[in-house]
Amino acid sequence: MMDIALHERPHAATRYRHISVAPLNPTIGAVVGGVDLTMPFGEDVADELRRVLAEHLVIFFHDQPIDFDAHRRLAAVFGEAHVAPSTVPWQVPGYPEITRMHADANSTFVAGEDWHSDMSCDPAPPMGSILYLHTLPTLGGDTVFSSMYAAYDALSDGMKARIAGLRAVHDGVKAFGDIVPEGMALPRSSHPVVRTHPVTGRKALYVNRSYTTRIEGLSERESDALLAFLNEHVQNPMFQCRFTWRPHAIAVWDNRCSQHMAIWDYFPQVRSGYRIQVKGEVPE
Ligand code: SIN
């Protein structure tokens, strides 16, 4: 557990010595400055980056033209990188943990077009992602993030009691079934509908529209109705921030307490960069 009480939020300037922090709103998202991520940095800076992510759920950096080694260094601040199977065609040669994220006039889909928490179909989904974009369309291509702490906190006590202890199935086929080669195995896992964040100790709603297929122990109609309600609930703008990218910006998000959605409103223009996912734990 981190030695900060995240419910008490003293003024950021008094809490960070090495970085500047400009929250986007009181709920989620902050732009972080005062650090050059293209160069090695010390553990004191790394510690503040971990703390600011825990506090704001998703953090953004501008004007950071990082190379693959710097990307790897930033990811290591948050944990061990997840390496996708070598069959994944968009891996960067020599950097198996780095995935190319690219959309252009030939794209038929883009990653993350609907609300999701990354790879929630995995038994131990990635705790976070570090996305660096070097090329952006002239307009559009924003990413929207939603706080699953805020979504949980806004539920009535009756609904909190109803979903306490429930588990839901997250199925990779729902998210990727249409785009992977036929017969390719995709993970499916059962996770708690409400998970407790291992760093902050706060409760977060953990179902999403891209992966979650079924709440266990309910009839299909009951499960569909409850999931429809929860998936609609998390879309409340009160829980959200929206990031407008500039070339060489970076977003780091915590999948354990947020969802996000990439807005593909720029076709046929190019949006391009690289992503590393950081290993996570089995949701509790
Ligand atoms: C993702 O869901 O990992 C992609 C987000 C984005 O491209 O903005």
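Which helices each supply at least two residues of the lining of the second largest pocket? They are α2 and α3, and the points below take up their packing, the pocket and some local features.

1. Basis. The model is predicted, with local features requiring pLDDT of at least 70 and side-chain atom pairs counted only at pLDDT 80 or more, whereas totals for chains, interfaces and linings use all residues. Residues are numbered from 1 along each chain as its sequence is written, and side-chain values rest on heavy atoms, with hydrogens and water left out.

2. Helix packing. Helix α2 (residues 43-56) packs on helix α3 (residues 68-78) at an angle of about 65°, the axes being 9 Å apart; helices (H or I, at least four residues) and strands (E, at least two) are DSSP runs numbered from the N terminus, and axes are lines fitted to C-alpha atoms over the stretch in contact, with angles from 0 to 180 degrees between N-to-C directions. On the α2 side the contact (heavy atoms within 4.5 Å) is made by Ala 46, Leu 49, Arg 50 and Leu 53, and on the α3 side by Leu 74, Val 77 and Phe 78. By class, this contact has 6 nonpolar, no polar and 1 charged residues, where Ala, Val, Leu, Ile, Met, Phe, Trp, Tyr, Cys and Pro count as nonpolar, Asp, Glu, Lys and Arg as charged, and the others, Gly among them, as polar.

3. Among the 15 residues that line the second largest pocket, Arg 50, Phe 78, Met 127, Val 199 and Arg 256 are the closest to its centre. A pocket is here an open set of points on a 1 Å grid over the protein atoms alone, where a 1.4 Å probe fits, with protein on both sides within 12 Å along at least five of seven lines, and lining residues have an atom within 4 Å of a point. The lining divides into 8 nonpolar, 2 polar and 5 charged residues, and α2 gives the most to it, with 3 residues.

4. Backbone details. The peptide bond from Phe 267 to Pro 268 is cis, with omega near 10°, and Pro 268 lies in the loop between β15 (258-262) and β16 (271-278). Leu 57, in the loop between α2 and β3 (58-61), has phi near 75°, a positive value in a residue other than glycine.
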